[in-house]
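Reader: I would like a close look at one part of this model, the contact between two of its chains. Please set it in the context of the chains around it.

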Amino acid sequence: MEQTLDNKQAELKTFIDGFRDKEHFESYLIAVLHKAQEIHGYLKKDVMDDIAREMNIPTSHIWGVATFYHYFNLKPIGKYKISICLGTACYVKGAERILNAVKKELGIEMGDTTPDELFTLQITRCLGACGLAPVAMINDKIHGELTAEKMVDILRKYRKAAMAEAAEKAKEQQ
Amino acid sequence: MKKDDKRQYALILCDGPACLRKKSKNLEEVIKQELDKRGMADRVRLTLSGCLGMCDKGPILIVNPGYVIYGGVTEHDIPAIVEQHLINGEPIARLEINEDHLFNRFFRVFGDVGFFGKQMRITLRNCGIIDPEKIDDYLSVRGYEALAKVLTDISPEDVVKEIKKSGLRGRGGAGYPTGIKWELTRKSEGSPKYVICNADEGDPGAFMDRSAIEGDPHTVIEGMIIGGYATGADKGFVYIRAEYPLAIKRLEKALGEAKTHGFLGKNIMGSDFSFDIEIKLGAGAFVCGEETALIHSIEGSRGMPRPRPPFPSVSGLFGKPTLINNVETWANIPVIILDGADWFSSIGTETSKGTKVFAVAGKVKNTGLVEVPMGTTLREIIYDIAGGIADDKKFKAVQTGGPSGGCLPEEYLDTKIDYESLSKAGSIMGSGGMIVIDEDSCMVNISKFFLEFTENESCGKCTPCREGTKRMLEILTRITDGKGEEGDIEKLERLGNMIKKASLCGLGQSAPNPVLSTIKNFREEYEEHIKEKKCRASACIALLSYTITDKCIGCMACRRACPVNAISGEPKVKHVVDKTRCVKCGLCFNICKFDAIDRR
Amino acid sequence: METIAEKKMINVTVNNKPYKVGGNQTIMQALDEVGFRIPRLCYHPKLSIEGACRVCIVEVEGMRNYVASCAFPILEGMKIRTDSNDVRRARRDIVELILDNHPEDCHVCERDGNCELQRLAYSMGIRKRHFVGEKKHYEKDLSSPSVIRDPNKCILCGRCVRMCAEIQKVSALRYAHRGFHTVVMPAYNMPFSESVCTACGQCISVCPTASFVEKGNCMELFDKLTNPDIIKIVQIAPSVRASIGEAFNLDPGRAMEGEMAATLRKLGFDYVFDTQFSADLTIMEEASEFLDRLQGKGKLPMITSCSSAWMKCMEQFYPDLIDNVSTCKSPMSMMGSLIKTHFAAKNNMDPKKIFTVAVMCCTAKKYEAQRPELQVDEMNPTDMVITTREIAWMIKCAGIDFLRIKPEKFDTPLGVSSGAGVIFGVTGGVMEAALRTAYELYTGETLMDIEMNDLRGFKGIKEGKVVMDGKEIRIAVAHGLGNANEVLEVVRKEPDRYHFVEIMGCPGGCIGGGGQPYANSNSEPLNEACLKKRAEALYGLDRTRTIRRSHENPDVQRIYKEFLGRPLSALSHKILHTHYKAKEPRGIISKETKVR
């Protein structure tokens, strides 16, 4: 079952408590951030605030550490990562229109993730699929010869599939 | 066949990432099923090993006794191997990797294979032979004997003396004499003291530390305990990349077993020496391989280096004396203790003793890990061990030391590898990356690749590295984009030499090496890019130009394929590329069936 | 502390000439000693060694690479070169690299002519550019009423980060991200105003460029000054007069009291009052409050409340100590409150038409002026705060010949002050002033030995004792929020250790405030010799005053007679006192965390 927020908080707190008796308690910050990311998928601001309080470490320091190491995600990463190719060939074939269509359909900006944590939007350098331009990659799959309409259709299909999957899961659990 | 004739076998299946990608995980299941089916499960032991270093021949399966190495094994081969080899005792020749013979002290069982021929295994001596998840296996190959020996017979001072005498030098990069580091830490006042194993291996393409830990975690642990005993430390940390889950798992298991066997913890083996080891995870920062940055990371801070002195041996982790060595260095310690400094220092060159592990990659026939005595030449590694250049291409350069190292051309092939000779040649030993480059690679592009890496990994603390590598990368990018200007090479040299001498830490001090060494050895390629806007390896896309030759029959395939309509021409008439519109995607080149597109 | 033995002399050569220098110090310190001033940027004598900018590199024989002289110890026999063409060019190139990632808007920059980077670029001889490329682009943070953060001008020397963490222990700022994308910022890149920043402005003090500057109000003030429909009333803090001369290239330590009164009048203010008057008033209230607490009415130790950075710090970092803090408003806010009530009524002015300006050595006062807790009859006591730097600029902008101005007196009745009011500007001054009065109020006798040397000087934490009628009063004085933390930890653990604690947010007290003139070209920010001279200027004014105790100030006596009644009266409470509450985000002071 999906953990509730309280459970997640409790899990992290228990993890932190495990270090309390150690010497240099504060030095376990990175281990705690690893755990927080494992629990929440990324490092949320309020989770970092909790860690700051529990470990008595200034939030600015935690933020400094979280942004230094590339392993830590500061934003949620969606189930599907959409990479719109903005290479020259795609660009002249209207990649920007595709990009705008995605932004409009999902209501997010570049680098963001939809609130349902389904999609993350990124741009990418040439994917080497110029013949199919304009192209976009969703996770590992390349979709080519796109139009704005086609792109929106594809996104909706992904969403539908994800919803079906979730419904299936819910059913199993009952 | 009589029942008592049944032979016992031990199978070793390589579990390294390259083999895993080739489905060696499935093989494990298939082998188990096959053994079950034939009721042989009780007398055949299947072990998963860390990377065996023969990545291009995977999946690898080794059958002992006899040390028969099978390569390229698929699930269809399993029934045959079981039937013919395990039951009938006849190895399957077609699967066997069987080349010329050479014998070596540690790896007698490995000695049957050419790939291992000129090798000598100290660091990796147990990798692939023992089950890394079983302490009993390690004990059976004299594991923890060195620890027992120092605890009972050798005073801490004498351990330090022995390490000093061995001539062992740090395998992580700079080659600082290990014994002197130990001595400084031992003599430093302050308590407690700490011992750290640097397993933050981050060079692209280098994976010897991961393999050593995955294949033989106890050696590293034993080395560290001895280091703690010698320096007076009672606590150790292994700082390891979070990206190495298997190594972490095996290390955790090994630490647990070492504890239950009394090799770690209070009063080790009944002595009054106590020592414990904890694992600390990295989080994706190459600079944490630098010792002061690593210390800051263990302390829970940003992994930014600080000026030295004070050196960690005086003021390290939490401000206390700290001994840091990398994985490979630690793995040598038990061997030196067991076989003696005299024996160890008999291997290698005047200044560099013992062996070194290299991760050989690039355009060679055999890629993977090799461990050779210091003093082996580059040529021996590339041609004798790695089988020479793949696809009969021409050798162009060998890059050693990863992003901190340099590119050496053919005239350096007979350089006997040690710390000094490589550095004299304009490269470094580094952690042991070795990338072989053939004529298809552009040296400007390669140096740009390495600089992109260091620029991205710069911690941002000191000006030369933070701002300087950025500017160098900009210049290299414009050169490879065909926008190089007169004077760019001189600017690269000026910045590079300054960054090398003025940066705060080793990352910055070595970041310009790939650029400076390629300018030194392949200056003409830079000049061609800038003056003639030409890339002789056809690797810099922006410098390529596409023209249609007289071979064109006017089939229109390229015209249809061009995504930007840069090709025009009537049917059955030679087509023309409009260079102002061409985006150099190469589709026309790939689609043309008549070899009529000229790309240069 | 170094002993003499540790400082034994050693022999080195610098540029091939032999020198004897003290051992056990860095190359930079040794070179300073013998007359070489190696260029430097990230180095600051009061902060930990960063070794990051690499501007101070020298050559040392036998070393493969250049050595950062700020971080490397000087050793016997060392052969140092500071002048080779190679090292000079490397330094030059390093500074050029910094410039390459810096906006080139010097002549429209607030720190034009007063910027360390500019001076460095000049002295390195950067007359041509080689490596121009991409520059960073970030939003300015204008959210704080006190401090503007402009990451584009930041050169990542980290002095602000270390100041904020090491000296102030506030840790509002840290490096975030890495490599070329490193930025100094508050947690989560949140607006400064929503962070734990105490607005003390010490980041501005140590910043070599204009990456941190105060939120300026000069243009707005010029507008107000030309508006005939409002009554412009200004007050000026003690330490402004002690430092403003430096902004006009005078040596530190010249007190410019009458000059300031005359100048402010020339600028167009209708009334020029002195914060030192309300400092005297503060003493009356605070000393009385202390005696009340001493008699069991309220918590001890009592902690002073004049410093606005401390006020913000206390509400975010020490909410548990709120009841220990004096309810007295700061002298600035007392003055504003009086102007808009008593002064306005007495002179038949509509307080809504009065525009009160405070010239302060402080950026946090800009924050304080906005605190709703200070309002009287729904009016802010202070309408605008400008810093010493801003007023100096305004004087220049208005074309006033400050150095030749004839001194004038402050206006009455809010312009007369005792020597006690003057010394408010120095660490220990509030305590000293309060004791001069409290002693007399408690014992009925006049304290004769009024210069309390225990409380003077720049030791981080000063302790002292005064015996009043046989009762021992134990006191502590801390300046800088980091030192304050140490004292407050003691207060938390041993509530009975002290009776009275003075805390000033800035190093040295107000004279080292975040709004004071930038260091001149041959000094570094917060140079202790300079702070000493500023302090001496104020102690000098105190010595020359005939009235040196607040309760002897005739205008203070009059205001109690005519208006307030007596200290801590109901009216006093309404007008001169305030309250505090715990605020978010909660500040965290970590014991171990280092600035990295």
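How many residues of chain C are in contact with chain B, and how many residues of chain B do they touch?

Author: This is a predicted model, in which local features need pLDDT of at least 70 and side-chain atom pairs count only at pLDDT 80 or more, while totals for chains, interfaces and linings use all residues. Residues are numbered from 1 along each chain as its sequence is written, and chains are lettered from A and ligands numbered from 1 in the order in which they are written.

On the side of chain C, 30 residues are in contact with 30 residues of chain B. Two residues are in contact here if their C-beta atoms, placed from the backbone, lie within 7 Å. The largest contribution on the side of chain C comes from helix α2 (residues 85–100), which supplies six residues. Helices are DSSP runs of H or I with at least four residues, strands are runs of E with at least two, and both are numbered from the N terminus. By residue class, the side of chain C that touches chain B has 16 nonpolar, seven polar and seven charged residues. In this count, Ala, Val, Leu, Ile, Met, Phe, Trp, Tyr, Cys and Pro are nonpolar, Asp, Glu, Lys and Arg are charged, and the others, Gly among them, are polar.

Helix α3 spans residues 116–124, and its buried residues are C:Glu116, C:Leu117 and C:Leu120. A residue is buried if 20 or more other C-beta atoms lie within 10 Å of its own, exposed if 12 or fewer do, and partly exposed in between, with C-beta atoms placed from the backbone. Seen down the axis of α3(C), these buried residues fall within an arc of 95 degrees, so they line one face of the helix. The arc is that of the directions from the helix axis to the C-beta atoms. An α-helix has 3.6 residues a turn, so residues three or four places apart point the same way. Just after α3(C) comes C:Gly125, with a positive phi of about 80 degrees.

Now chain C as a whole. Chain C has 19 helices and 17 strands. Its radius of gyration is 25 Å, close to the 25 Å that the globule rule gives for 596 residues, so chain C is as compact as a globular protein of that length. That radius is taken over C-alpha atoms, and the globule rule is 2.2 Å times the number of residues to the power 0.38. The C-alpha atoms of chain C fill a box of roughly 75 × 55 × 45 Å along the principal axes. Of the 596 residues of chain C, 54% are buried. Among contacts in chain C with a separation of 6 or more, 74% join residues 24 or more positions apart.

C:Gly587 gives a local view of chain C. This residue lies in the segment after α19 (570–576) and is buried, with 25 other C-beta atoms within 10 Å. Leaving out residues up to four places away in sequence, C:Gly587 touches C:Val170, C:Val196, C:Cys313, C:Gln316 and C:Phe317. C:Gly587 and C:Thr198 are 389 residues apart in sequence, yet 9.9 Å apart in space from C-alpha to C-alpha.

In chain B, strand β11 (residues 395–400) has five of its six residues buried, so it is largely enclosed by the rest of the structure. Strands count as paired if DSSP finds at least two bridges between them. β11(B) pairs in the antiparallel sense with strand β13 (residues 433–438) over five bridges, and B:Val398 stands opposite B:Val436 there. β11(B) also pairs, again antiparallel, with strand β12 (residues 406–409) over four bridges, where B:Gln399 stands opposite B:Cys407. β11(B) and β12(B) form a hairpin with five residues between them, and B:Gly401 in the turn has a positive phi of about 85 degrees.

Chain C also touches chain A, through 15 residues of chain C and 14 residues of chain A. The side of chain C that touches chain A divides into eight nonpolar, four polar and three charged residues.

Chain A itself has seven helices and four strands. The radius of gyration of chain A is 20 Å, well over the 16 Å that the globule rule gives for 174 residues, so chain A is more spread out than a compact globule. An automatic or database assignment gives domain 1 (5–68) and domain 2 (80–173) in chain A. The centres of these two domains, taken over C-alpha atoms, are 33 Å apart. Of the 174 residues of chain A, 34% are buried.
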